[in-house]
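User: Got a model open here and want to go through its insides. Can you help me read it?
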Amino acid sequence: MREPTMVVTAVDSNAQLGPPEMSAPPQALLERFKDYGQEDAFALWDELSPEERHLLVKEIESLDLSRIDRIIRCSLRSQGLPVAAIEPVPESCVSTVEERTMGERERWWKMGLKAISDGKLAVLLLSGGQGTRLGSSDPKGCSNIGLPSGKSLFQLQAERILCVQRLAAQAMNEGGGSVQIHWYIMTSPFTDDVTRKFFESHRYFGLEADQITFFQQGTIPCISKDGRFIMETPFRVAKAPDGNGGVYSALKYSRLLEDMATRGIKYIDCYGVDNALVRVADPTFLGYFIDKAVAAAAKVVRKAYPQEKVGVFVRRGKGGPLTVVEYSELDPTLASAINQQTGRLQFCWSNVCLHMFTLDFLNQVASGLEKDSIYHLAEKKIPSVHGYTMGLKLEQFIFDAFPYAPSTALFEVLRDEEFAPVKNANGSNYDTPDSARLLVLRLHSRWVVAAGGFLTHSVPLYATGVEVSPLCSYAGENLEAICRGRTFHAPCEISF
């Protein structure tokens with residue numbers, strides 16, 4: 001009878017071992033969650049596989065529980081509290097289109113170009129949102145709104161930066177290429193990778209790769225109405241981006257406020273990505289901001305009608321700071337109130353997310369908002385282990401900064417020159433790619449005619465027009481040499 005053969009298998013010391021078994025949640029972690037009333041995060045522990053248990057523990061350990069608990073408590077407590085009465089914005093706080101002189105505009109333009117040439121301006125883009133309402137999961141900035149050039153919103157904005165750099169260099173007699181504006185782009189965990197690859201694949205639209213800094217806004221757990229975490233899966237907490245106002249804490253925790261200071265930046269032009277007519281790094285607005293010596297400023301447009309769904313600037317309390325009240329929070333009687341002296345709406349200055357801040361103020365805001373820890377609560381359907389359930393998302397808004405400002409100025413602009421929002425899919429009633437495209441084409445058509453050009457078209461002119469490349473002109477200037485005496489057949493792009 002043969003002896004049985006013993007087979008010895010060598011064990012590779014470098015082999016990847018699976019995670020060690022955890023029969024129960026780590027006791028210290030469980031106790032910590034009990035202290036904050038969030039122990040339900042472990043409710044389905046017994047149903048999880050070893051890998052899922054490790055994923056849950058890793059997820060839980062990544063949460064800054066004390067900070068999140070403070071935010072939840074402060075935000076829930078603030079809901080329903082009486083707020084100070086609001087007053088219309090004093091006329092002295094607003095520079096209106098009709099009262100600005102040509103001399104002032106020229107002076108502010110030169111002041112702005114000088115500050116830009118000195119490297120004192122940075123541009124801050126809020127680009128954390130996906131184009132879900134546009135029918136796409138891509139970042140909104142990737143959207144092609146159907147212009148003759150086929151350019152994306154990102155490309156239009158990049159080329160406006162290139163144009164301002166050139167104008168600033170020419171104004172200071174420094175030649176082309178010697179002025180650089182740093183562009184800080186806030187993404188979210190849902191848009192970051194796609195955004196970076198989009199810029200890389202388009203060679204940063206002519207900008208230098210090292211003049212662009214990408215950073216991510218934070219996320220925060222979604223909660224039930226009693227403040228408990230909602231679980232998206234048995235091993236993952238449901239989370240959502242912390243709103244465009246999350247930019248302040250993101251700048252702080254990414255140490256980008258320090259980066260700005262190191263670069264010698266003093267002023268930050270902040271805007272949202274979904275505006276096809278945004279004047280990025282506007283020298284006139286910057287010059288106005290410097291001239292007024294305020295901590296914060298915003299471009300505003302006149303509210304079109306009382307029920308328009310836009311937030312408006314107000315003064316909170318007697319002699320209090322300027323802030324923004326959302327249309328849903330503005331009493332209909334106040335929304336319709338008329339200023340007897342001007343015949344216009346009393347609360348007429350609409351917020352369109354075009355802001356200017358000093359770097360010192362951004363540091364102050366980041367600390368103030370973190371200390372106060374009050375977020376807006378939005379009731380939404382949240383994906384959960386039990387299917388979609390009603391819960392609360394916590395968000396901060398970009399305009400939450402204004403109550404912290406010791407001084408704020410508002411700068412009126414014309415909406416058909418600077419505000420072409422892209423929020424809804426074509427077929428909706430407003431703010432679509434089609435409506436934004438027409439606003440761009442009509443404005444640029446007026447530029448061409450003012451510069452001595454002529455237009456022909458095969459469809460009604462109100463439905464078409466010409467596109468002027470931002471590389472040719474920033475705001476309608478310097479077009480005579482290209483346009484005078486020439487005829488352009490719409491739709492078309494005018495470029496070098």
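User: Which residues line the second largest cavity?
Analyst: This is a predicted model. In it, the second largest cavity is lined by Arg67, Gly245, Tyr248, Ser249, Val365, Ala366, Leu369, Glu370, Tyr375 and Gln396.

User: Which elements give two or more residues to that lining?
Analyst: Helix H7 (247-253) and helix H11 (359-372) do. H11 gives the most, with four residues.

User: What is the volume of the second largest cavity, and how does its lining split by class?
Analyst: The volume is about 40 Å³. The lining has five nonpolar, three polar and two charged residues.

User: How many cavities of 30 Å³ or more are there?
Analyst: Three. Of its 13 lining residues, Arg160, Leu277, His444, Trp447 and Tyr474 are the closest to its centre.

User: Which helix gives the most to the lining of the largest cavity?
Analyst: Helix H13 (residues 433-450), with three residues. By class, that lining has seven nonpolar, three polar and three charged residues.

User: Switching to packing. Which residues touch the most other members in the largest nonpolar core?
Analyst: Ile116, Phe154, Trp183, Phe199 and Tyr271, out of 48 residues in that core. Helix H5 (residues 153-171) gives the most to this core, with nine residues.

User: What does Trp183 touch?
Analyst: Leaving out residues up to four places away in sequence, its contacts include Val123, Leu125, Phe154, Ile161, Phe199, Leu207 and Tyr271. Gln157, Gln211 and Thr213 are also among them.

User: Which residues does the second core include?
Analyst: Met186, Phe313, Leu322 and Ile398 are among its 44 residues. That core is separate.

How values were computed. Residues are numbered from 1 along each chain as its sequence is written. This is a predicted model: local features need pLDDT of at least 70, side-chain atom pairs count only at pLDDT 80 or more; totals for chains, interfaces and linings use all residues. Side-chain values use heavy atoms; hydrogens and water are left out. A nonpolar core is a set of buried Ala, Val, Leu, Ile, Met, Phe, Trp, Tyr and Cys residues joined through side-chain atoms within 4.5 Å. Buried means under 20% relative accessible area, exposed over 50%, partly exposed in between (1.4 Å probe, protein chains only). Contact means heavy atoms within 4.5 Å. On a 1 Å grid over the protein atoms alone, a cavity is a set of points where a 1.4 Å probe fits but cannot get out, and a pocket is an open set with protein on both sides within 12 Å along at least five of seven lines; lining residues have an atom within 4 Å of a point. Grid points are joined across faces, edges and corners, and a volume is the space filled by probe spheres set on the points. Ala, Val, Leu, Ile, Met, Phe, Trp, Tyr, Cys and Pro count as nonpolar, Asp, Glu, Lys and Arg as charged, and the others, Gly among them, as polar.
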